[in-house]
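Here is a walk through one protein chain, from its overall form down to single residues. Please keep the structure in view while reading.

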Amino acid sequence: MSQPEIICKATIDTFVRFGIVILAVFGFSIYFAYDGAVGYAQKNEVYFSYKAFESLGFAAEKTQDADEWKRLRESTPLILAEKTPEGDWYVAEGETHYPLPPDSEAVAKCPPEVQSMQAMRNWHDCWKKYTERLGYDIKPSESPHGAGKIMEQWVGCAVGFVLVGIGVFFVVRTYRRELSLRGDIVTAAGQQFSVNDITLIDLRQWGTGFKGVAYFTVGGKKIKVDGMTYGGFSQKNGEPAEKFMKAVLEQYKGDILEYE
(Lines give C-alpha, C1' and ligand atoms only; values in the text may rest on other atoms or scores of the structure.)
Protein backbone atom coordinates (compact mmCIF):
# COMPACT_ATOMS: atom_id res chain seq x y z
CA MET A 1 0.00 0.00 0.00
CA SER A 2 1.46 3.35 -1.07
CA GLN A 3 2.07 6.05 1.48
CA PRO A 4 -0.27 9.08 1.34
CA GLU A 5 0.72 12.36 -0.27
CA ILE A 6 -1.05 15.38 1.22
CA ILE A 7 -0.03 18.91 0.27
CA CYS A 8 -1.50 21.93 2.08
CA LYS A 9 -0.83 25.34 0.61
CA ALA A 10 -1.52 28.66 2.34
CA THR A 11 -5.22 29.52 2.35
CA ILE A 12 -6.78 32.52 0.63
CA ASP A 13 -7.94 33.77 4.04
CA THR A 14 -4.33 33.94 5.16
CA PHE A 15 -3.40 36.26 2.30
CA VAL A 16 -6.51 38.35 2.89
CA ARG A 17 -5.44 38.89 6.50
CA PHE A 18 -1.92 39.74 5.40
CA GLY A 19 -3.29 42.11 2.80
CA ILE A 20 -5.52 43.97 5.26
CA VAL A 21 -2.65 44.52 7.68
CA ILE A 22 -0.17 45.55 4.97
CA LEU A 23 -2.63 47.97 3.36
CA ALA A 24 -3.48 49.49 6.74
CA VAL A 25 0.19 50.04 7.59
CA PHE A 26 0.87 51.34 4.07
CA GLY A 27 -2.03 53.77 4.45
CA PHE A 28 -0.68 55.09 7.74
CA SER A 29 2.77 55.46 6.16
CA ILE A 30 1.32 57.57 3.34
CA TYR A 31 -0.60 59.62 5.91
CA PHE A 32 2.61 60.25 7.88
CA ALA A 33 4.44 61.17 4.66
CA TYR A 34 1.69 63.61 3.67
CA ASP A 35 1.79 65.34 7.06
CA GLY A 36 5.58 65.48 6.93
CA ALA A 37 5.70 66.90 3.41
CA VAL A 38 2.55 69.02 3.26
CA GLY A 39 -0.01 68.57 6.02
CA TYR A 40 1.78 69.96 9.08
CA ALA A 41 3.25 72.91 7.19
CA GLN A 42 -0.20 73.79 5.85
CA LYS A 43 -1.69 73.47 9.34
CA ASN A 44 1.00 75.87 10.56
CA GLU A 45 0.01 78.33 7.85
CA VAL A 46 -3.64 78.10 8.91
CA TYR A 47 -2.68 78.51 12.57
CA PHE A 48 -0.52 81.62 12.07
CA SER A 49 -2.90 83.08 9.48
CA TYR A 50 -5.76 82.77 11.96
CA LYS A 51 -3.67 84.51 14.64
CA ALA A 52 -2.88 87.28 12.16
CA PHE A 53 -6.56 87.73 11.21
CA GLU A 54 -7.48 87.86 14.88
CA SER A 55 -4.81 90.49 15.61
CA LEU A 56 -5.73 92.58 12.58
CA GLY A 57 -9.40 92.35 13.51
CA PHE A 58 -8.71 93.93 16.89
CA ALA A 59 -6.47 96.54 15.23
CA ALA A 60 -9.22 97.43 12.72
CA GLU A 61 -11.58 98.31 15.55
CA LYS A 62 -9.09 100.88 16.89
CA THR A 63 -7.89 102.32 13.57
CA GLN A 64 -9.63 105.28 11.93
CA ASP A 65 -7.40 105.99 8.93
CA ALA A 66 -8.68 103.68 6.17
CA ASP A 67 -6.06 104.86 3.67
CA GLU A 68 -3.19 104.13 6.05
CA TRP A 69 -4.73 100.72 6.77
CA LYS A 70 -4.90 99.87 3.08
CA ARG A 71 -1.31 101.05 2.49
CA LEU A 72 0.01 98.89 5.31
CA ARG A 73 -2.02 95.87 4.27
CA GLU A 74 -0.80 96.11 0.68
CA SER A 75 2.86 96.28 1.75
CA THR A 76 2.98 93.97 4.79
CA PRO A 77 2.77 90.14 4.59
CA LEU A 78 0.07 88.42 6.60
CA ILE A 79 2.66 86.20 8.33
CA LEU A 80 6.09 87.52 9.22
CA ALA A 81 8.29 84.56 8.34
CA GLU A 82 11.98 83.79 7.84
CA LYS A 83 13.86 81.62 5.39
CA THR A 84 16.22 78.75 6.01
CA PRO A 85 19.51 78.63 4.04
CA GLU A 86 17.74 76.14 1.75
CA GLY A 87 15.02 78.72 1.04
CA ASP A 88 12.20 77.17 3.10
CA TRP A 89 9.83 79.46 4.99
CA TYR A 90 9.29 79.14 8.73
CA VAL A 91 8.01 81.08 11.73
CA ALA A 92 10.44 81.32 14.64
CA GLU A 93 9.19 81.43 18.22
CA GLY A 94 12.13 81.27 20.54
CA GLU A 95 14.31 78.42 19.38
CA THR A 96 11.43 76.51 17.81
CA HIS A 97 10.94 76.69 14.05
CA TYR A 98 7.50 76.11 12.56
CA PRO A 99 7.79 75.28 8.83
CA LEU A 100 5.39 76.79 6.31
CA PRO A 101 4.48 75.67 2.77
CA PRO A 102 6.96 76.85 0.12
CA ASP A 103 4.15 78.44 -1.90
CA SER A 104 2.47 80.16 1.07
CA GLU A 105 0.55 83.23 -0.03
CA ALA A 106 0.53 84.55 3.52
CA VAL A 107 4.30 85.15 3.67
CA ALA A 108 4.31 87.08 0.39
CA LYS A 109 1.50 89.56 0.99
CA CYS A 110 -1.69 90.26 2.84
CA PRO A 111 -4.64 88.57 1.15
CA PRO A 112 -7.46 90.64 -0.35
CA GLU A 113 -9.76 89.58 2.48
CA VAL A 114 -7.94 91.92 4.90
CA GLN A 115 -7.62 94.96 2.61
CA SER A 116 -10.80 96.61 3.87
CA MET A 117 -10.54 98.05 7.37
CA GLN A 118 -14.32 98.18 7.68
CA ALA A 119 -14.73 94.55 6.66
CA MET A 120 -11.99 93.44 9.05
CA ARG A 121 -13.93 94.82 11.99
CA ASN A 122 -15.95 91.66 11.49
CA TRP A 123 -12.82 89.59 10.88
CA HIS A 124 -14.49 86.20 11.37
CA ASP A 125 -16.39 86.69 8.09
CA CYS A 126 -13.15 87.69 6.35
CA TRP A 127 -11.44 84.61 7.75
CA LYS A 128 -14.23 82.41 6.45
CA LYS A 129 -13.90 83.88 2.95
CA TYR A 130 -10.12 83.47 3.07
CA THR A 131 -10.23 79.78 4.04
CA GLU A 132 -12.96 79.05 1.49
CA ARG A 133 -10.89 80.62 -1.28
CA LEU A 134 -7.78 78.62 -0.41
CA GLY A 135 -9.58 75.44 0.60
CA TYR A 136 -8.17 75.53 4.15
CA ASP A 137 -9.77 74.36 7.37
CA ILE A 138 -11.71 77.18 8.98
CA LYS A 139 -10.73 75.93 12.42
CA PRO A 140 -6.99 76.08 13.13
CA SER A 141 -5.14 73.47 15.15
CA GLU A 142 -4.70 74.11 18.86
CA SER A 143 -0.96 74.62 18.43
CA PRO A 144 1.54 74.78 15.56
CA HIS A 145 3.80 71.88 14.62
CA GLY A 146 7.52 72.39 15.04
CA ALA A 147 10.26 70.97 12.85
CA GLY A 148 10.75 68.18 15.40
CA LYS A 149 7.13 67.09 15.08
CA ILE A 150 7.43 67.05 11.31
CA MET A 151 10.56 64.91 11.58
CA GLU A 152 8.52 62.49 13.73
CA GLN A 153 6.11 62.10 10.82
CA TRP A 154 8.96 61.15 8.50
CA VAL A 155 10.25 58.66 11.07
CA GLY A 156 6.77 57.17 11.37
CA CYS A 157 6.58 56.95 7.58
CA ALA A 158 9.96 55.18 7.39
CA VAL A 159 9.02 52.72 10.14
CA GLY A 160 5.73 52.03 8.37
CA PHE A 161 7.45 51.25 5.07
CA VAL A 162 9.89 48.95 6.88
CA LEU A 163 6.92 47.10 8.38
CA VAL A 164 5.31 46.90 4.95
CA GLY A 165 8.52 45.38 3.62
CA ILE A 166 8.56 42.85 6.44
CA GLY A 167 4.92 42.04 5.74
CA VAL A 168 5.64 41.47 2.05
CA PHE A 169 8.55 39.21 3.00
CA PHE A 170 6.25 37.07 5.13
CA VAL A 171 3.64 36.96 2.36
CA VAL A 172 6.24 35.68 -0.11
CA ARG A 173 7.64 33.21 2.40
CA THR A 174 4.17 31.93 3.27
CA TYR A 175 3.31 31.59 -0.41
CA ARG A 176 6.44 29.54 -1.07
CA ARG A 177 6.02 27.25 1.93
CA GLU A 178 3.69 24.32 2.40
CA LEU A 179 2.51 21.83 4.98
CA SER A 180 2.81 18.40 3.43
CA LEU A 181 3.25 14.69 3.91
CA ARG A 182 4.87 12.74 1.09
CA GLY A 183 5.19 9.15 2.13
CA ASP A 184 6.79 9.48 5.56
CA ILE A 185 8.46 12.86 4.86
CA VAL A 186 6.87 15.85 6.57
CA THR A 187 7.39 19.44 5.41
CA ALA A 188 6.44 22.08 7.99
CA ALA A 189 7.69 25.56 8.88
CA GLY A 190 10.19 25.38 6.03
CA GLN A 191 11.78 22.16 7.32
CA GLN A 192 11.70 18.54 6.20
CA PHE A 193 11.92 15.49 8.42
CA SER A 194 10.64 11.95 8.68
CA VAL A 195 7.66 10.94 10.78
CA ASN A 196 10.07 8.55 12.49
CA ASP A 197 12.16 11.55 13.62
CA ILE A 198 9.24 12.96 15.64
CA THR A 199 9.56 12.22 19.36
CA LEU A 200 6.49 14.11 20.60
CA ILE A 201 3.35 15.58 19.05
CA ASP A 202 1.62 18.34 21.02
CA LEU A 203 -2.04 18.59 19.97
CA ARG A 204 -3.28 20.65 22.91
CA GLN A 205 -4.06 23.63 20.69
CA TRP A 206 -5.15 21.71 17.63
CA GLY A 207 -8.78 21.33 18.57
CA THR A 208 -9.36 24.26 20.98
CA GLY A 209 -10.16 27.92 20.44
CA PHE A 210 -6.70 28.15 18.87
CA LYS A 211 -7.61 25.36 16.48
CA GLY A 212 -5.01 24.52 13.91
CA VAL A 213 -1.76 24.84 15.86
CA ALA A 214 0.31 21.80 16.80
CA TYR A 215 3.96 21.22 17.61
CA PHE A 216 6.18 18.37 16.48
CA THR A 217 9.32 17.78 18.54
CA VAL A 218 12.15 16.74 16.25
CA GLY A 219 15.68 16.34 17.57
CA GLY A 220 14.77 18.24 20.72
CA LYS A 221 13.41 21.18 18.70
CA LYS A 222 9.77 22.23 18.48
CA ILE A 223 8.45 22.73 14.97
CA LYS A 224 5.19 24.61 14.57
CA VAL A 225 2.49 23.00 12.44
CA ASP A 226 0.06 25.73 11.44
CA GLY A 227 -2.99 24.07 9.97
CA MET A 228 -5.01 27.27 10.01
CA THR A 229 -2.56 28.95 7.65
CA TYR A 230 -1.73 25.92 5.53
CA GLY A 231 -4.66 23.89 4.25
CA GLY A 232 -7.25 25.15 6.68
CA PHE A 233 -10.26 23.36 8.13
CA SER A 234 -12.96 24.29 5.67
CA GLN A 235 -15.39 21.39 5.28
CA LYS A 236 -16.14 22.66 1.79
CA ASN A 237 -12.50 22.00 0.86
CA GLY A 238 -12.38 18.69 2.72
CA GLU A 239 -10.49 19.93 5.80
CA PRO A 240 -6.98 19.58 4.28
CA ALA A 241 -5.11 20.32 7.53
CA GLU A 242 -7.12 17.73 9.44
CA LYS A 243 -6.41 15.15 6.73
CA PHE A 244 -2.72 15.93 7.01
CA MET A 245 -2.70 15.44 10.79
CA LYS A 246 -4.66 12.18 10.63
CA ALA A 247 -2.27 10.80 8.01
CA VAL A 248 0.74 11.69 10.19
CA LEU A 249 -0.86 10.12 13.28
CA GLU A 250 -1.50 6.91 11.36
CA GLN A 251 2.26 6.52 10.92
CA TYR A 252 3.38 8.01 14.23
CA LYS A 253 4.01 5.64 17.17
CA GLY A 254 5.34 8.00 19.83
CA ASP A 255 3.90 10.15 22.63
CA ILE A 256 1.04 12.59 22.10
CA LEU A 257 -0.04 15.52 24.28
CA GLU A 258 -3.75 16.14 23.87
CA TYR A 259 -6.12 18.69 25.34
CA GLU A 260 -8.08 17.31 28.29
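The model is a predicted one. Its secondary structure consists of six helices and 11 strands. The radius of gyration is 33 Å, whereas the globule rule gives 18 Å for 260 residues, so the protein is more spread out than a compact globule. Along the principal axes, the C-alpha atoms fill a box of roughly 105 × 40 × 30 Å.

Some totals describe the chain as a whole. Of the 260 residues, 40% count as buried. The accessible surface comes to about 15,600 Å², and carbon and sulfur atoms account for 56% of that surface. As for contacts between residues at least 6 apart in sequence, 66% join residues at least 24 apart.

Next come the nonpolar cores. In soluble globular proteins, nonpolar side chains tend to be buried together. The largest nonpolar core in this model has 26 residues. Those with the most contacts inside this core are Val186, Ile198, Trp206, Phe216, Val225, Phe244 and Val248. Several elements give two or more residues to this core, among them β1 (5–8), β5 (179–182) and β6 (185–188). The strands β8 (198–202), β9 (213–218) and β10 (221–226) also do so, as does the helix α6 (240–251). The largest share, five residues, comes from α6. Apart from this core lies another, of 25 residues, which includes Tyr47, Ile79, Leu100 and Tyr136.

Leaving aside neighbours within four places in sequence, phenylalanine 216 is in contact with Val186, Phe193, Ile198, Leu200 and Ile201, among others. Its contacts also include Lys221, Lys222, Ile223 and Val225, together with Phe244, Met245 and Val248.

The last stop is a glycine in a loop. Which two elements does the loop that holds glycine 231 lie between? They are β10 and α6. Is glycine 231 buried or exposed? Its relative accessible area is 13%, and buried means under 20%, so glycine 231 counts as buried. Not counting residues up to four places away in sequence, glycine 231 touches Cys8, Lys9, Thr11, Pro240 and Ala241. Tyrosine 90 is 141 residues from glycine 231 along the chain, and the C-alpha atoms of the two are separated by 57 Å.

Note on methods:
Residues are numbered from 1 along each chain as its sequence is written. This is a predicted model: local features need pLDDT of at least 70, side-chain atom pairs count only at pLDDT 80 or more; totals for chains, interfaces and linings use all residues. Side-chain values use heavy atoms; hydrogens and water are left out. Helices (H or I, at least four residues) and strands (E, at least two) are DSSP runs, numbered from the N terminus. The radius of gyration is taken over C-alpha atoms; the globule rule is 2.2 Å times the number of residues to the power 0.38. Buried means under 20% relative accessible area, exposed over 50%, partly exposed in between (1.4 Å probe, protein chains only). Contact means heavy atoms within 4.5 Å. Accessible areas come from the Shrake-Rupley method with a 1.4 Å probe; for residues, only the protein chains shown count as cover. A nonpolar core is a set of buried Ala, Val, Leu, Ile, Met, Phe, Trp, Tyr and Cys residues joined through side-chain atoms within 4.5 Å.
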